[in-house]
Amino acid sequence: MGCQLMQDTPLLRLACLFVLLFGLFQLSSEDVGQVSKSVKEKVSLPCGYNFSVEELAILRIYWQKDNEMVLSVISGEREVWPKYKNRTLCDITNNFSLTILGLLPSDRGIYECVVQKNEGTYVLKHCNSRELSIRADFPDPNITQFGNPSADIKTIMCETSGGFPEPRLSWLENGRELSGINTTVFQDPDSELYTISSKLEFNTTKNHSIMCRVVYGNSQVSKNFTWEKPPEAPPDRRIMPVVISIPVLLLITTIIVPVTVYLRKNRRSKRRNVASAEEIKIYTRPIEATV
């Protein structure tokens, strides 16, 4: 990487390399030259070259990113490369600072401002670098109940979107990673931001404390889900009379009915015996003499 533009000569390379090495030393010692922005924001990167209005006609200013052209100002005329059209400009009144609107994740990288001046031939007068990092934080995930594949199994889904770089989603319970299903990662072709979702099935017959964690770059977001086993349902009161009546019916049919039948038979037998005794008395009574 370096300020190798237009008239690419060994002298130009050497001068630019010296400037870049000095700039890297300054960055490491003073931690300058780094700019951090969020997606969709705008950024203004300074070129840092002081000039007079009279010089403008004999200057060439180039902005490039990772050796890819962004824009140029040659003799006061601006040209913007297609990738940056309608959202990039060079502010001449502010020492050629570069402004980019509606930042995308792909805009991250190292930007260089190269200034050449015509002194018979164009010579390097200035070379400055700025590193741009783009933040695109995922919001905390949403966890929703998704369905019940069976009586004791429930499905939940975890989802979050609008972040960068590419994320990884995991399900955790008590520090142990669980196996999710149908995990999908989608990158919007326009915004370059990611959406990720995953489903998890768990047994509803016990309590659970589950975490959905999304890791992207050096950052992460998470959401907890708690499931408490539902209490056992009380017996159905409509069934209770039936349950109670079964042993009562058995008692009646096995004990009470036979005893009742026996007692009735016994009373009938006694009555027959009494009646027979009365008849015997009648037949055996002495016949009175007739006078």
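Guide: Start with pairing: two strands pair if DSSP finds at least two bridges between them. This is a predicted model. In it, β8 and strand β9 (residues 122-135) pair in the antiparallel sense over 10 bridges. Three residues lie between the strands of this hairpin, and in it Gly-120 takes a positive phi near 95°.

Visitor: Which residue stands opposite Tyr-111 in β9?

Guide: Arg-130 does.

Visitor: How do you know that β3 and β8 count as paired?

Guide: Pairing needs at least two bridges. Strand β3 (residues 59-65) is joined to β8 by seven bridges, so the two strands meet that condition, and they run antiparallel.

Visitor: Why is strand β8 called largely enclosed?

Guide: A residue is buried when its relative accessible area is under 20%. Eight of the 10 residues of β8 (residues 109-118) are buried, so the rest of the structure largely encloses this strand.

Visitor: Is Glu-192 buried or exposed, and how do you know?

Guide: Its relative accessible area is 18%. The cut-off for buried is under 20%, so Glu-192 is buried. Glu-192 sits in the loop between β14 (181-187) and β15 (194-203). Its phi is near 65°, a positive value in a residue other than glycine.

Visitor: What makes Asn-95 partly exposed?

Guide: Asn-95 has a relative accessibility of 26%. Partly exposed lies between the 20% limit for buried and the 50% limit for exposed, so Asn-95 falls in that class. Asn-95 is found in the loop between β6 (88-91) and β7 (97-100). Its phi is positive, about 55°, although Asn-95 is not a glycine.

Visitor: What is the order of the strands in the open sheet?

Guide: The four strands come in the order β13-β12-β16-β17, with antiparallel pairing. β13 (176-178) and β17 (219-227) are the edge strands, as each pairs on one side only. From one strand to the next, the twist averages 35°.

Visitor: How do you know that β12 and β16 pair?

Guide: Five bridges join β12 to strand β16 (residues 208-216), and at least two are needed, so the strands count as paired. They run antiparallel. Leu-169 stands opposite Val-214 in β16.

Visitor: Which peptide bond is cis?

Guide: The bond from Phe-164 to Pro-165 is cis, with omega near 5°. Pro-165 is placed in the loop between β11 (153-163) and β12 (168-173).

Terms used. Residues are numbered from 1 along each chain as its sequence is written. This is a predicted model: local features need pLDDT of at least 70, side-chain atom pairs count only at pLDDT 80 or more; totals for chains, interfaces and linings use all residues. Side-chain values use heavy atoms; hydrogens and water are left out. Buried means under 20% relative accessible area, exposed over 50%, partly exposed in between (1.4 Å probe, protein chains only). Axes are lines fitted to C-alpha atoms, for helices over the stretch in contact, and angles run from 0 to 180 degrees between N-to-C directions.
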